[in-house]
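Visitor: I'd like to go through this one with you piece by piece. Could we look at it together?

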Amino acid sequence: MPSTNLLLEEPIRMSSILEPSKSTFFNAMTKIIGTLGPRSESVDVISALLKAGMSVARFDFSWGDVDTHRHTLENLKAAVKDSKKLCAVMLDTVGPELQVVNKTGKEITLKENEMVTLTPDLEQDATSDVLPINFSGLAKAVKKGDMIFMGKYLFTGSETTSVWLEVSEVKGDNVICVINNSATLDGTLFTLHASQVPIDMPTLSEKDKEIISSWGVQNKIDFLSLSYTRHAEDVRQVRELLSGLGELSQTQIFAKIENVEGLTHFDEILQEADGIILSRGNLGIDLPPEKVFLFQKAALHKCNMVGKPAVVTRVVDSMTNNLRPTRAEATDVANAVLDGSDAILLGAETYRGLYPVDTVRTVDRICFEAEKVFNQDSYFKKAVKYVGEPMSHLESIGSSAVRAALKVKASVIICFTSSGRAARLLAKYRPPMPILSIVIPRLKTNQLKWSFSGAFEARQSLIVRGLFPMLADPRHAAESTSATNESVLNVALDHGKSLGIIKPHDRIVVVQKVGDASVVKIIELED
């Protein structure tokens, strides 16, 4: 078998599969993003989600109003204080989402082989024959034979609340479709997705801009998930908006790739964005099923090589209503880890699912097991080869620190950082041991008041595989003398011990700045 196989040990002993996993209080290296909603908005549930492994809380503005999300965020803050676990906040925009508007909220039954008309006339009531939509340009965008998906939730292949339509003809502003499968739709809004059809709507709607400028600013969001990113210019425009919103200039933009347009322009989008979200729900509609895994592997590899976080969605849909994932879903989570994903994003499973905490716990355990057989040696060689020579100073320090940690079998890497860049660079090389990122705050001023940096940087590492941040005492500088370095190092070691990842006689690799020099040192703990 070639050396690029995914498994460290070939073959794996079958008997080892039956051995129970080692008990640990430490979560997987792969991060979990949980979408908060009706089933996960209380302080108790959010606290349980944090303890189970959630490190980023997603607020999806396609559902719920500003007041509801504000209340949930207040509960998140209380849960963070209660559980003593950091959690980042992600705002997910609505974007150019096509919707069917059902003002009455009455159930609509659509039957296979019958006809239905999509119309931009919002004055009409939604019925089994006519469905009003929020976009007047659909008739100009589609042609006979195009496929249109519609449903309350994204199509998974096993729902009776989703329907596939085939365009039969276009009459003026109306689109007449054949219904390909029977379905019953309920609620006031349904998602509409025209497969592989470019939609002429702005990526950031006026509603999105208003929410970012109010709710986003008030709550100093760490990440902005830019739905339906189709071009690099989409990211640049959002960056410009954030740059004029005070502290949101630090907010990281994650481009959400949801259709063929985003796939086509992936390389330039990756260059502009801080990270990528592979939205496999919509992608699974735009792409043939047999092509989705190819895009996942290619996209994750590109993200890994440039050191930008990559997030995979839609992995355990069945856990929305069931306590256990299907066999295929469990394997899918593991493959996402082996492919190089930094984080797994849970949507409906935690937003409206019956078992939000169990879902996070299950995904965390699958990730933990998959990480044990991740071929780090092969990955490291690919990452070093991709960078090439001569390496930059920081790149050389990062790769050398990881190599040293591998050689001495270190239990943990400790990195002192102010911006978080050095820690992210270490994580890029995917060491099998955790990286404790000790974020040293810096004093800054806007001419009116003093404040400390560091909180953003610490929370933003919560989406990066293998990074575990800790805010240090601001009295310790990131590049300091031996006395203060030893003091903050001892605090870091105590933190590692409390997490259960540092034990007596362990070897630790430390990365820090001393004066103008970057230093990598190896220490061995005593009793």
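This is a predicted model: local features need pLDDT of at least 70, side-chain atom pairs count only at pLDDT 80 or more; totals for chains, interfaces and linings use all residues.

Visitor: Which residue in β17 is the bridge partner of threonine 313?

Guide: The bridge partner of threonine 313 in β17 is leucine 345.

Visitor: And what does β16 pair with besides that, and in which sense?

Guide: Strand β15, residues 275-278, pairs with β16 in the parallel sense, again over three bridges. In that pairing isoleucine 276 stands opposite alanine 310 of β16.

Visitor: Which residues of β16 sit on each side, and are they buried or exposed?

Guide: In strand β16, which spans residues 310-313, Ala310 and Val312 lie on one side and Val311 and Thr313 on the other, and all of them are buried, so that both faces are covered. As a general point, side chains in a regular strand alternate between the two faces of the sheet.

Visitor: What do β16 and β17 make together with helix α11?

Guide: With helix α11, residues 327-339, they make a right-handed β-α-β unit.

Visitor: Zooming out, how many strands close into the barrel, and in what order?

Guide: Eight strands close into the barrel, in the order β1-β2-β3-β13-β14-β15-β16-β17, and the pairing is parallel. From one strand to the next, the twist averages 25°.

Visitor: What about the open sheet, what is its strand order?

Guide: The open sheet has seven strands in the order β4-β12-β8-β9-β10-β6-β7, and its pairing is mixed. Its edge strands are β4 (98-101) and β7 (130-132), each of which pairs on one side only. Neighbouring strands of this sheet are turned by 35° against each other on average, with direction ignored.

Visitor: Do β4 and β12 run parallel or antiparallel?

Guide: They run antiparallel, with four bridges joining β4 to strand β12, residues 189-194. Within that pair, leucine 98 stands opposite leucine 192 of β12.

Visitor: Changing topic to packing: which residues touch the most other members of the largest nonpolar core?

Guide: That core has 64 residues, and Met54, Phe59, Trp215 and Ile276 touch the most other members. Helix α13, residues 356-372, contributes the largest share of this core, seven residues. There is also a second, separate core of 36 residues, which includes Met305, Leu338, Phe374 and Val408.

Visitor: What is phenylalanine 59 in contact with, leaving aside its neighbours within four places in sequence?

Guide: Phenylalanine 59 is then in contact with Leu36, His69, Thr72, Leu73, Leu76, Val89, Met90, Leu91, Asp92 and Trp215.

Visitor: Why does cysteine 87 count as buried, and what about cysteine 177?

Guide: Cysteine 87 counts as buried because its relative accessible area is 7%, which falls under the 20% cut-off for that class. Cysteine 177 is buried too, with a relative accessibility of 0%.

Visitor: Then arginine 430: where does it lie, and is it buried or exposed?

Guide: Arginine 430 lies in the loop between α16 and β19 (435-439), and it is buried, with a relative accessible area of 7%. Its phi is near 50°, which is likewise a positive value in a residue other than glycine.

Visitor: Which residues of α16 itself are buried?

Guide: In helix α16, residues 421-428, the buried residues are Ala423, Leu425, Leu426, Ala427 and Lys428.

How values were computed:
Residues are numbered from 1 along each chain as its sequence is written. Side-chain values use heavy atoms; hydrogens and water are left out. Buried means under 20% relative accessible area, exposed over 50%, partly exposed in between (1.4 Å probe, protein chains only). Helices (H or I, at least four residues) and strands (E, at least two) are DSSP runs, numbered from the N terminus. Two strands pair if DSSP finds at least two bridges between them. A crossover is right-handed if, with the strands pointing away from the viewer, the path from the first strand over the helix to the second runs clockwise. Axes are lines fitted to C-alpha atoms, for helices over the stretch in contact, and angles run from 0 to 180 degrees between N-to-C directions. A nonpolar core is a set of buried Ala, Val, Leu, Ile, Met, Phe, Trp, Tyr and Cys residues joined through side-chain atoms within 4.5 Å. Contact means heavy atoms within 4.5 Å.
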